[in-house]
Every structure is written in structure tokens, then in C-alpha cells.
Amino acid sequence: MVAVADDAFTALGQVPDPDDAADLAAVRAAAVEALGPAGFAEEYAQGQRLDPRTAFDDGDH
């Protein structure tokens with residue numbers, strides 16, 4: 001979801017506010033620690049293939 005968030009901000013031409021940026025950095029650091037750099041890179045690449053507009057769509061809309 002870090003990649004989806006990064007891509008969403010980019011698509012909107014915006015950057016996260018300081019609180020959101022800190023949250024994203026903490027999530028990124030925890031993911032890298034849990035998955036290792038290579039594992040995180042693999043998962044991040046998967047996230048980049050998702051469309052930020054529909055990534056959380058459960059199909060019920």
C-alpha cells in the first residue's frame with residue numbers, strides 16, 4: 001500500500017502533509033525491516049501495478 005499511496009500523491013500532483021509523510025516513512029521502515037530490502041522492493045513493485053483510484057474498491061460500488 002506504500003506504493004499505492006506514493007502513486008496516488010504523484011497522480012494528484014501533491015505531496016503528503018508532514019503527518020502523512022511521517023506515517024508513510026514509518027510504514028515503509030517497518031515493511032523494510034519485516035520483509036528485508038529485496039522483499040520490500042518486490043512488494044512495492046506489485047503495489048505500483050495497482051491503480052490508486054481502484055486499489056481499495058471492493059466491487060460493491
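Predicted model: local features only at pLDDT ≥ 70, side-chain atom pairs only at ≥ 80, totals over all residues.
Residues are numbered from 1 along each chain as its sequence is written, and side-chain values use heavy atoms, with hydrogens and water left out.

**View 1. The whole chain.** The chain has two helices and zero strands. Helices (H or I, at least four residues) and strands (E, at least two) are DSSP runs, numbered from the N terminus. The C-alpha trace spans about 35 × 25 × 20 Å along its principal axes. Of the 61 residues in the chain, 16% are buried. Buried means under 20% relative accessible area, exposed over 50%, and partly exposed in between (1.4 Å probe, protein chains only). Take the contacts between residues at least 6 apart in sequence: 61% join residues at least 24 apart. Contact means heavy atoms within 4.5 Å.

View 2. Helix α2 covers residues 18-48, 31 residues in total. Its end C-alpha atoms are only 23 Å apart, short of the 45 Å that a straight helix would reach at 1.5 Å a residue. The expected span is 1.5 Å times one less than the number of residues. A kink of about 110 degrees lies at glycine 36, shortly before proline 37. The bend at a residue is the angle between axes fitted to the seven residues ending there and the seven starting there.

View 3. Just after α1, glycine 13 takes a positive phi of about 70 degrees. Glutamine 14 lies in the loop between α1 and α2. Glutamine 14 counts as partly exposed because its relative accessibility is 48%. Its C-alpha atom is separated by 19 Å from that of arginine 28, 14 residues apart along the chain. Aspartate 17 caps the N-terminal end of α2. One of its side-chain oxygens lies 3.1 Å from the backbone nitrogen of aspartate 19.

**View 4. The packing of α1 and α2.** The buried residues of α1 are Val2, Ala3, Val4 and Asp6, and they pack against α2. The buried residues of α2 are Leu24, Ala31, Gly36, Phe40, Tyr44 and Gly47. These pack against α1 (2-12). The largest nonpolar core has five residues: Val2, Ala3, Ala31, Phe40 and Tyr44. Both α1 and α2 give two or more residues to this core, and its largest share, three residues, comes from α2. A nonpolar core is a set of buried Ala, Val, Leu, Ile, Met, Phe, Trp, Tyr and Cys residues joined through side-chain atoms within 4.5 Å.

View 5. Valine 2 sits in helix α1. Valine 2 counts as buried because its relative accessibility is 7%. Leaving aside neighbours within four places in sequence, valine 2 is in contact with Val27, Arg28, Phe40 and Tyr44. Valine 2 and aspartate 23 are 10 Å apart, C-alpha to C-alpha, and 21 residues apart in sequence. Aspartate 6 also lies in helix α1. At 19% relative accessibility, aspartate 6 counts as buried. With neighbours within four places in sequence again left aside, aspartate 6 is in contact with Leu24, Arg28 and Tyr44.

Key
Polar contact = N/O pair within 3.5 Å; in protein donor to acceptor, adjacent residues only side chain to side chain.
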